[in-house]
Amino acid sequence: MINDQENSSYHVPVLLQEVLQGLNIQPDGTYVDCTFGGGGHSREILRLLGPQGKLIAFDQDADARQNLPDDPRVLFVPHNFRHLQRFLRLNNAIPVDGILADLGVSSHQFDEADRGFSTRFDGDMDMRMDTRQALTAFDVVNTYSEQQLHKLFEQYGEVTNAKTLARTIVQARQTQSLRTIANFKQALHSVVKGNPNKYFAQVFQALRIEVNDELGALKEMLQQVPSLLKPGGRVAIITFHSLEDRIVKNYFRKGTFEDEDPTDLFGNKPSEQVFRIITKKPVTASDAELKRNPRSRSAKLRVAEKAYE
């Protein structure tokens, strides 16, 4: 069974009540938690489900399995949510009533030194959510071109001196190893701008997004949602990065990831909207939640409902 104390140390679920309200849980419904993690959101969804309800929990991180409840209504899928449709079809679970994805990194992952996600510890430059995949953060800093590094630090980390940072990495790796977090931070010491902790947090965020192809996986998942939800079924996405939020906002509103409105060959806009927007603006953490869980400060929740048969 999920242990409350262990679960809270693994990860505190953000925007919990807002998510439950947004999904409008039906007692006999089938729901998908794309990012099971510590199981906090799943536990509350299960509490609202009846005996006939079903929860399908995805998580590519093998550590998440330890948090699974002893509950026959739960099916665990140890894979990335970009494979949502494939595994729901394999388990005859289509259509579903609701889909949830919390895109934040769990506290557990930040607190495990050997995972390489945190600037607080030393360890290998790893940052893989799924340890079965090959690409690590060390591979990125050790093999990417200066132009590739510049682009990812600028776009994913909003690092102010991304160009200088990229050039310094390429020069440093010719004479020293960047395999560990300590070595990496030491090699870049001279180019740090402002608060070192904040600076390296932005650098690490950019590397984590690249290593795990987080934006690519999000887009693939969203494109599958319309064919997986029942009419009236809901999708709730919690983002922690402005690029993620823009992707979700545009897809819910327009069915595309672009900022421009889609048109046909004659310049006409689609007459049928895939989703009805439930949250006109992103829902953010209350003052009480921010005080209780500071890691919720960047969280934004958007909810949409499938609008057609």
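1. Start with the middle of the protein: the largest nonpolar core has 67 residues, and I99, F153, F184, L207, L222 and I237 touch the most other members. A nonpolar core here is a set of buried Ala, Val, Leu, Ile, Met, Phe, Trp, Tyr and Cys residues joined through side-chain atoms within 4.5 Å. Buried means under 20% relative accessible area, exposed means over 50%, and partly exposed is in between (1.4 Å probe, protein chains only). Helix α10 (residues 196–211) gives the most to this core, with eight residues. Domain 1 (16–102 + 214–306) and domain 2 (112–212) both supply residues, so the core lies between them. Those domain bounds come from an automatic or database domain assignment.

2. A word on the model before you go on. It is predicted: local features need pLDDT of at least 70, side-chain atom pairs count only at pLDDT 80 or more, and totals for chains, interfaces and linings use all residues. Residues are numbered from 1 along each chain as its sequence is written, and side-chain values use heavy atoms, with hydrogens and water left out.

3. Now zoom in on F153. Leaving aside residues up to four places away in sequence, F153 touches E158, V159, A162, L165, I169, V203, A206 and L207; contact means heavy atoms within 4.5 Å. There is also a second, separate core of 20 residues, with I45, L46, L49 and L301 among them. As background, nonpolar side chains in soluble globular proteins tend to be buried together.

4. Next, the aromatic rings. Rings of Phe, Tyr and Trp (its six-membered ring) pair if their centres lie within 6.5 Å; planes under 30 degrees apart count as stacked, over 60 as edge-to-face and the rest as tilted. That rule gives seven aromatic pairs. Take F58 and F87: their ring centres are 6.4 Å apart and their planes are at 75 degrees, so the pair is edge-to-face. F58 belongs to strand β2 (residues 54–58) and F87 to helix α4 (residues 84–90), so the pair ties together parts 29 residues apart in sequence. Helices (H or I, at least four residues) and strands (E, at least two) are DSSP runs, numbered from the N terminus. F58 counts as buried at 0% relative accessibility, and F87 does too at 12%.

5. How are the rings of Y251 and F257 arranged? Their centres are 5.2 Å apart and their planes are at 25 degrees, so this pair is stacked. Y251 is buried at 9% relative accessibility, and F257 is buried at 19%. Ring pairs also link Y251, F252, F257 and F275 into a cluster.

6. Look for charges over rings as well (NZ of Lys or CZ of Arg within 6 Å of the ring centre and within 35 degrees of the ring normal). The charged end of R179 sits over the ring of F138, 4.1 Å from its centre. K185 has its charged end over the ring of F200, 5.6 Å from the centre.

7. Most residues other than glycine have a negative phi, and most peptide bonds are trans. I94 and P95, though, are joined by a cis peptide bond, with omega about 5 degrees. P95 is in the loop between α4 and β4 (96–102), and N92 is in the loop between α4 and β4. Phi of N92 is positive, near 50 degrees, and N92 is exposed at 68% relative accessible area. M127 has a positive phi too, about 70 degrees, in the loop between α5 (107–111) and α6 (137–143). Is M127 buried or exposed? Buried, at 0% relative accessibility.
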